Amino acid sequence: MTGIDWDILVPLPVVLALAGAGVAVVVTGRIRLQRAVSVVTLSLVLVVALALLVGADREGPLSVTVGGWPARMGVVLIVDRLAALMLVVSATVTLGVLLYSIGQGAASTDEERADEQAPLPIFHPTMLVLSAGVSNTFITGDLFNLYVGFEILLASSFVLLTLGGSAPRIRAGISYVVVSLLASVILLSAIAMLYAATGTVNMAQMAERLDALPEGTRLVLQLMLLVAFAVKAAVFPMFGWLPDSYPTAPAPVTAVFAGLLTKVGVYSIMRTQTLLFPGDQLTELLMWAALATMLVGILGAVAQDDIKRMLSFTLVSHIGFMLFGVAVGTAAGISAAIFYVAHHITVQTTLFLVIGLIERYGGTTSLTRLGGLAKLAPVLAVLFFLPAMNLAGIPPFSGFLGKAGLLQAGAEQATWLAYLLIAGSVLTSLLTLYAIARVWSRAFWQPPIEPATEGLERVPRGMTLPAAALVAVGLAITVVAGPLFAVTDRAAADMLERAPYIDAVFPGGVP
Amino acid sequence: MIPNLTLAVVAGVLFATGVYLLLARSITRALLGIVLLSNGANVLLLVAAGPAGEAAFYGRTPESDMSDPLPQAMVLTAIVITLGMTAFILAMAHRSWQLSQTDIVADDVEDLRLVELAVRDVAPHDEERPDVDDDAAGDDRPPGPGTDAVVEP
């Protein structure tokens, strides 16, 4: 722990984003200045996140006690390799989405602007607060602070989802808000029970004390936490809210939600299942949940006629892959799951941004009305094709590498359930390919259904370039897959060992 | 630690009534359900604090007599969060009222599609069996808020 210099960086992703949000609210009247503030803020967050990844990989977990309170009384912030990697990926996609929305805002007509942006230009500050909430859940070492992080990101997601307050968005918003708040109440109750059982909300201390509890008590606590996070991660059977609410939001909002919000739930599941409840008492349950999530999600996707809704269902389905890795619970499984999360955040966000481009160009995302895009807009076709193939897991893309890692980890476990899951994963990949191919052949290849091409609008370069940049990031994950897998291997080994995390919070032993 | 039975029962009642209200289709009732549930969770945190003691003023109360201050701090945070969320739901309920003059949560897209399919399935039977006309008549109404169009097989 020589890294005083590194430790200083730990709270910055949250502090910078919140400060940036404050400044962005103050300068609401001056749109250019506000845009500059948010871009600079998120770029700084990205730089800090990259530095944290280097630091955490070299020095082990970095920790800071907020306000100098000793770890037992105050809140501890801790960044290990997993948290640092999540910070880097989330900062990258948030920045990409922000640039995209700026391109959209600069090009939209006044009429659209009135529709897309509420009375105050609140989009940028809210986006920064969302980023702060997401970062807070990643860097915290305190379960109650994790709950607060969730509430920060939920509150800002409520605002973003209901931007403009049109009837469909309000309808979708009501069910989203009620389901999210219900999950929060479950999480808060779980924290209350954990506090009653262990007398602490510090996760490192809790990890030590939980080991001493009777098995029945541990199981109840574990299940309550799992249910709360599974709702946020859209795991079967608690996924119904997601395909219902996401597609109605504006394209950049859907993109950032699809990339980040469910993955925060997956991250919390990973963190709590490895740190607080090591062992395999829930392996079977998690495996069945993973299988059902994959299959039900992808069957829902195949049935859709609208690209946005189709993608929302594939999002649910691919959460199953990450859960599979967590359920296997070996170093190989968790490492592959972390890799898959990083890959999926990038690809899913990119796809939703590209769908936004298609909507802008063709005026709709309905497969029954789109057609001939491959000839009319070849750039769009390429931008859609690459991440779509990546999502389906075609070699040599990162989606294939992540899935191969998961299948290998499952095969190493060699139980019949693991083999069943492997079969389910392969089937899900094929059905993903089918769903993607359906979009491709109907929207891109078949001749346009309506000859009315005069309605087609040019897509502004300000929107295309950020989307293209994120496509490139997705491809870059394939290129750096070797080193990335090395980092996730080390992260998974640390998480299973638990000692590095606990030692970072309590260097002199747990009180 | 000996938990307080009264508080535990109060938390249970709050959870039960909250869940009951949350199952309603009216936004206002769902909001009240959320409020009751949140308060149930807050009371649960107080149960977790253990037996009540003196106010936790450092230096004035002996440490052995203090009640545990940490859950109280957490409850305060949770109350503030619930306040903000309640305000947001109220704003949404108001906007929903402005838009559709109703307090009922509308059917979601997937529900509407199911109803359409079901109506399409029922329609040919109507011609063959005129006696089911009365039953199926309800399905001709546009599926909107509150109709709950359940189609009998």
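This is a predicted model: local features need pLDDT of at least 70, side-chain atom pairs count only at pLDDT 80 or more; totals for chains, interfaces and linings use all residues.

Biologist: At what angle do α17 and α20 of chain A pack?

Modeller: Two packed helices are described by the angle between their axes and the distance between the axes. Helices (H or I, at least four residues) are DSSP runs, numbered from the N terminus. Axes are lines fitted to C-alpha atoms over the stretch in contact, and angles run from 0 to 180 degrees between N-to-C directions. Here α17 (residues 378-392) and α20 (residues 461-479) of chain A pack at about 30°, with axes 10 Å apart. Angles under 35 degrees count as roughly parallel, and α17(A) and α20(A) are therefore roughly parallel to each other.

Biologist: Which residues of α17(A) and α20(A) meet?

Modeller: Contact means heavy atoms within 4.5 Å. A:V379, A:L383, A:L386, A:P387 and A:N390 of α17(A) meet A:T464, A:A468, A:V471, A:G474 and A:L475 of α20(A).

Biologist: Which residues touch the most other members of the largest nonpolar core?

Modeller: A nonpolar core is a set of buried Ala, Val, Leu, Ile, Met, Phe, Trp, Tyr and Cys residues joined through side-chain atoms within 4.5 Å. Buried means under 20% relative accessible area, exposed over 50%, partly exposed in between (1.4 Å probe, protein chains only). The largest core holds 216 residues, and those touching the most other members are A:Y147, A:L225, A:M270, A:L276, A:F324, A:I338 and A:F384. Helix α15 (residues 331-362) of chain A gives the most to this core, with 18 residues. Beyond four places in sequence, the residues that A:L276 touches include A:M203, A:L210 and A:R218.

Biologist: Where is A:P278 found?

Modeller: A:P278 is in the loop between α12 (251-275) and α13 (283-302) of chain A. A:P278 counts as partly exposed because its relative accessibility is 27%. Leaving aside neighbours within four places in sequence, its contacts include A:R218 and A:R498.

Biologist: How many helices does chain B have?

Modeller: Chain B has 5 helices and 0 strands. Of its 153 residues, 31% count as buried.

Technical notes. Residues are numbered from 1 along each chain as its sequence is written. Chains are lettered from A and ligands numbered from 1 in the order in which they are written. Side-chain values use heavy atoms; hydrogens and water are left out. Helices (H or I, at least four residues) and strands (E, at least two) are DSSP runs, numbered from the N terminus. Angles under 35 degrees count as roughly parallel, over 145 as roughly antiparallel, 65 to 115 as roughly perpendicular and the rest as oblique.
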